[in-house]
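Thank you all for making the time this morning. I would like to walk you through one model, slowly, with the definitions given as we go.

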Amino acid sequence: MGNRTILFDTHNSIGARIVPFGGWDMPLHYGSQLEEHHAVRRDAGMFDVCHMTVVDLNGERVREFLRHLLANDVARLQQPGKALYSCMLNEQGGVIDDLIVYFMSETWFRMVVNAGTTEKDLAWLNRQAPAFQVTVQPRKDLAMIAVQGPQAREKTLPLLPEALRGPVGELKPFFAASVADWFVGRTGYTGEDGFEVVLPETEAVAFWQALATAGVQPCGLGARDTLRLEAGMNLYGSDMDETISPLEAGLNWTIAWEPAERDFMGRRAIEIHRDDPANRQFVGLVLTGRGVLRDHQKVFFQDQEAGEITSGGFAPTLEKSIALARVSPAVSEQCEVEIRGKRIAAKVVQPPFVRHGKVRVEL
């Protein structure tokens with residue numbers, strides 16, 4: 001038996017299929033993964049993401065600490081509530097985790113880290129923090145529910161504490177607002193608008209049920225994966241890990257190279273490869289032949305093995321099989337993927353495949 005979120009019994013009561021994920025027992029779907037996917041693209045869906053960990057970082061030098069710790073630069077965060085997506089690298093330039101960090105005040109930043117990497121993330125943070133007199137506080141008392149889709153904001157706002165409704169209603173994307181232990185970010189992992197709501201664990205079940213009553217569709221891990229894949233968003237452990245540089249995971253844009261004197265963790269290891277033409281490229285694939293793209297299938301270009309799929313599956317919005325792949329820099333326009341011993345044609349595209357309900361690639 002794995003760890004269970006505060007919503008576990010609620011999931012079971014509405015017929016969820018439960019599967020192990022990152023040490024947790026989580027809902028895969030509630031009957032139809034396809035319907036859940038379309039609900040998020042067309043209306044509103046909600047996800048139990050209580051297995052992710054909120055970490056509060058406090059101290060007079062917390063900004064300095066994060067400028068050292070993260071590949072992206074928190075110096076860019078000047079307005080309270082502003083969020084930043086970044087990789088946290090090891091000394092060799094591999095990705096320990098990808099995460100979101102929020103600037104709340106000059107002595108308080110909030111970080112949200114992945115479920116499967118929580119323990120190693122906390123160990124890494126606690127190893128680095130003492131030099132900057134920063135305290136690391138995992139907020140195990142908080143739950144987290146993501147509400148995503150074109151109607152997500154409209155359906156969620158009336159259900160928030162009254163003091164939060166005004167500030168949250170005015171949030172721009174990648175900003176957050178908080179009142180007491182409620183914290184709402186206009187962020188997500190689906191390519192749609194919406195919120196990630198952090199709230200006291202004791203209030204999570206009632207909030208989930210209120211959302212359901214308002215017509216928000218409960219969604220499981222299956223739809224979460226197809227949605228993020230269509231949105232071209234990386235999954236830690238599949239698309240990158242501690243052996244992969246962000247330069248080869250399509251995450252170049254998350255690295256703040258300037259100012260040159262900011263010596264962030266892992267910089268020296270990856271900077272020598274910054275403009276290396278031999279770097280593998282991270283691309284999208286759309287299968288043009290019959291079959292389904294899956295993780296670890298081999299990619300061929302001009303009859304030579306040229307890389308592999310890191311994330312693949314059927315995309316309900318496109319009604320096509322799609323993938324993210326790490327391939328040779330020579331690969332362009334068309335390639336082949338080996339599926340059950342046969343090579344099937346695929347088109348090379350630039351992710352995202354779908355954003356805000358619109359198909360973004362030529363099929």
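I will take the sheet, then the pocket and the cavity, and finally some details of the backbone and of single residues.

Before that, please keep in mind that this is a predicted model, in which local features need pLDDT of at least 70 and side-chain atom pairs count only at pLDDT 80 or more, whereas totals for chains, interfaces and linings use all residues. Residues are numbered from 1 along each chain as its sequence is written, and side-chain values use heavy atoms, with hydrogens and water left out.

Let me begin with the sheet. It is an open sheet of five strands in the order S5-S6-S7-S4-S8, with antiparallel pairing; helices (H or I, at least four residues) and strands (E, at least two) are DSSP runs numbered from the N terminus, and two strands pair if DSSP finds at least two bridges between them. At the edges are strand S5, residues 83–89, and strand S8, residues 135–138, each of which pairs on one side only. From one strand to the next the twist averages 30°, where axes are lines fitted to C-alpha atoms, for helices over the stretch in contact, and angles run from 0 to 180 degrees between N-to-C directions. S5 is joined by seven bridges to strand S6, residues 95–105, and the two run antiparallel; within this pairing, Leu-84 stands opposite Val-101 in S6. Helix H3, residues 62–69, lies across S4, S5, S6 and strand S7 (108–113), and runs at about 35° to S7; contact here means heavy atoms within 4.5 Å.

On a 1 Å grid over the protein atoms alone, a cavity is a set of points where a 1.4 Å probe fits but cannot get out, while a pocket is an open set with protein on both sides within 12 Å along at least five of seven lines, and lining residues have an atom within 4 Å of a point. Grid points are joined across faces, edges and corners, and a volume is the space filled by probe spheres set on the points.

The second largest pocket has a volume of about 290 Å³. Its lining is made up of 19 residues, of which Trp-24, Cys-50, His-51, Thr-53 and Lys-140 lie nearest the centre. Strand S4 (53–58), helix H4 (118–128) and strand S9 (142–148) are the elements that give two or more residues to this lining. By class, the lining has eight nonpolar, six polar and five charged residues, with Ala, Val, Leu, Ile, Met, Phe, Trp, Tyr, Cys and Pro counted as nonpolar, Asp, Glu, Lys and Arg as charged, and the others, Gly among them, as polar.

What surrounds His-51, once its neighbours within four places in sequence are left aside? The residues in contact with His-51 are Thr-5, Phe-21, Trp-24, Met-26 and Ala-115. His-51 lies in the loop between S3 and S4, and it is buried, with a relative accessible area of 5%; buried means under 20%, exposed over 50%, and partly exposed in between, using a 1.4 Å probe and protein chains only.

As for cavities, a search of the whole structure finds one of 30 Å³ or more. About 40 Å³ of space lies in the largest cavity, and its lining consists of Met-26, Pro-27, Phe-47, Asp-48, Cys-219, Gly-220, Leu-221 and Arg-224.

The peptide bond from Glu-258 to Pro-259 is cis, with omega near 0°, and Pro-259 is placed in the loop between helix H8 (221–230) and helix H9 (267–271). Also cis is the bond from Pro-351 to Pro-352, with omega near 10°; Pro-352 sits in the loop between strand S19 (342–349) and strand S20 (354–355).

His-296, a residue other than glycine, has a positive phi near 75°, and is found in the loop between strand S14 (281–287) and strand S15 (298–301), where it is exposed, with a relative accessible area of 57%. Arg-340, likewise not a glycine, has a positive phi of about 50°; it lies in the loop between strand S18 (334–339) and S19, and at 84% relative accessibility it counts as exposed.
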